Amino acid sequence: MITYKKHTLDNGLRLIIHEDESTPMAAVNLLYDVGARDETADKTGFAHLFEHLMFGGSTNIADFDAELQLAGGTSNAFTSSDITNYYNLLPAQNLETALWLESDRMLNLHFSQQALDVEKKVVSEEFKQYFLNQPYGDAWHNVLKMCYKTHPYGWPVIGKNLEHISNFVIDDVIAFFNKHYCPNNAILAIAGGVKAEKVLELVKKWFGNISPNDKLKRELPFEAPQTAKRNSTIKAEVPLNALYMTFGTPVRNVAEFYGVDFISDILSGGQSSRLHQSLVKKQQLFNQIGAYITANIEPGLLLIEGKLNDGVTLEVAEKAVWDEIEKLKTDAVEEEEMIKVKHKIEAHIEFNQNKILNRAMDLCYFELLDEIELINTEVEKYQQVDATTVKQLANTYLKASKSSVLHYYANND
């Protein structure tokens, strides 16, 4: 059982404290309720670019990381379609240093053309490295474009293209900061060898005087339900043909989410999973294949992707995947397989929560979902999935009419 205490400051900042006397370290996790879904179609990639800018220094502190390292700490961040998350790990006795640094850049981020130009180059190189110059790097762009016609989940977190990144100006930076980086749009979790009373005192000291902004009402474009299969093809200089198949999934905080995630683990939960055993080991159609969900807050995707063996056509490979899906729809999943998948999921969650930083991240995220007690009950959600539920959800979500399929051809001409 992970215990925690919650407070909300007068300026709207939500604070979660988790005491763990077994560690001398403290994790400080600050989640901002802004991600790529809050961008517009003509200015994509900015949430991720802004994550980089947050490490560029404030008006008071030239180098965020250097100051944290002097206190024995490390920091990093990530951006998703839904959130931007900043995290720090340092000795608990130096907790105040992290709070000073995080509060300072929330209040006094330094805006400069030079910093913007530097980070635009960094992100542009990242875009080239992972999406333009890497084999299959453009697959995700094409998959999302197929799956989402109006919703901002339709582009990757890094953005649609290099032009969007290069076109950002300093006014965009200031407007984005003023709109999203405020205490009432943030959740702060502190976990580790700390005392709740002292933590609350320090958080009030460093964050309490930061003014809130008008709380934004998120109004995202409506994505119409998919009613027909979507197909796309790519031909490029890659070593092997590849198959990408996607299906829509439910929103994050409903019971069906756990059932669909469970299905992805039945299909691809290690070398004993169905897709590996049937399509890699027995039929030898793929040299690798996997399935996973994007786990977005709003309706996301279940993705099946694999690289084909030489001589195997994409048509044959796709049919073989459909055959495995049909088995889920028609045949009862044996109890032994259900138990194996449940044990795997439980072990993964428990291993994840062994680290105080992961606990801090989860506390922030579940608070964002307005279901913070998931920190203790999420395993139970998966345990409640039964064979009947698997069959029902497979028939509901894994339909051809709700699928998007990308055939990625290796150019062997």
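**Reading the pocket, the sheet and the cysteines**

Analyst: Let us begin with the largest pocket of this predicted model, whose lining, sorted by class, comprises 13 nonpolar, ten polar and seven charged residues.

User: What volume does the largest pocket have, and which residues are closest to its centre?

Analyst: Rolling a probe the size of a water molecule over the atoms shows where empty space is left. Here the largest pocket has a volume of about 860 Å³, and of the 30 residues that line it, Arg252, Ala295, His348, Asp362 and Tyr365 are the closest to its centre. Among the elements that give two or more residues to this lining are α12 (335-352) and α13 (356-368), as well as strand β9 (286-293).

User: In what order do the strands of the open sheet run, and which stand at the edges?

Analyst: The five strands of the open sheet follow the order β7-β11-β8-β10-β9, with mixed pairing. Because β7 (230-236) and β9 each have a single partner strand, they stand at the edges, and one side of each is left without a neighbour in the sheet. From one strand to the next, the twist averages 10°.

User: In which sense do β8 and β10 pair?

Analyst: Strand β8 (residues 242-248) pairs with strand β10 (residues 301-308) in the antiparallel sense over seven bridges, and threonine 246 stands opposite leucine 303 in β10.

User: How many disulfides are found, and is cysteine 364 buried or exposed?

Analyst: A search of the whole structure finds zero disulfides. For cysteine 364, the nearest cysteine sulfur, that of cysteine 182, is 15 Å away, whereas a disulfide needs the two sulfur atoms within 2.5 Å. Cysteine 364 has a relative accessible area of 0% and is therefore buried, and cysteine 147, at 8%, is buried too.

Technical notes
Residues are numbered from 1 along each chain as its sequence is written. This is a predicted model: local features need pLDDT of at least 70, side-chain atom pairs count only at pLDDT 80 or more; totals for chains, interfaces and linings use all residues. Side-chain values use heavy atoms; hydrogens and water are left out. Buried means under 20% relative accessible area, exposed over 50%, partly exposed in between (1.4 Å probe, protein chains only). On a 1 Å grid over the protein atoms alone, a cavity is a set of points where a 1.4 Å probe fits but cannot get out, and a pocket is an open set with protein on both sides within 12 Å along at least five of seven lines; lining residues have an atom within 4 Å of a point. Grid points are joined across faces, edges and corners, and a volume is the space filled by probe spheres set on the points. Helices (H or I, at least four residues) and strands (E, at least two) are DSSP runs, numbered from the N terminus. Ala, Val, Leu, Ile, Met, Phe, Trp, Tyr, Cys and Pro count as nonpolar, Asp, Glu, Lys and Arg as charged, and the others, Gly among them, as polar. Two strands pair if DSSP finds at least two bridges between them. Axes are lines fitted to C-alpha atoms, for helices over the stretch in contact, and angles run from 0 to 180 degrees between N-to-C directions.
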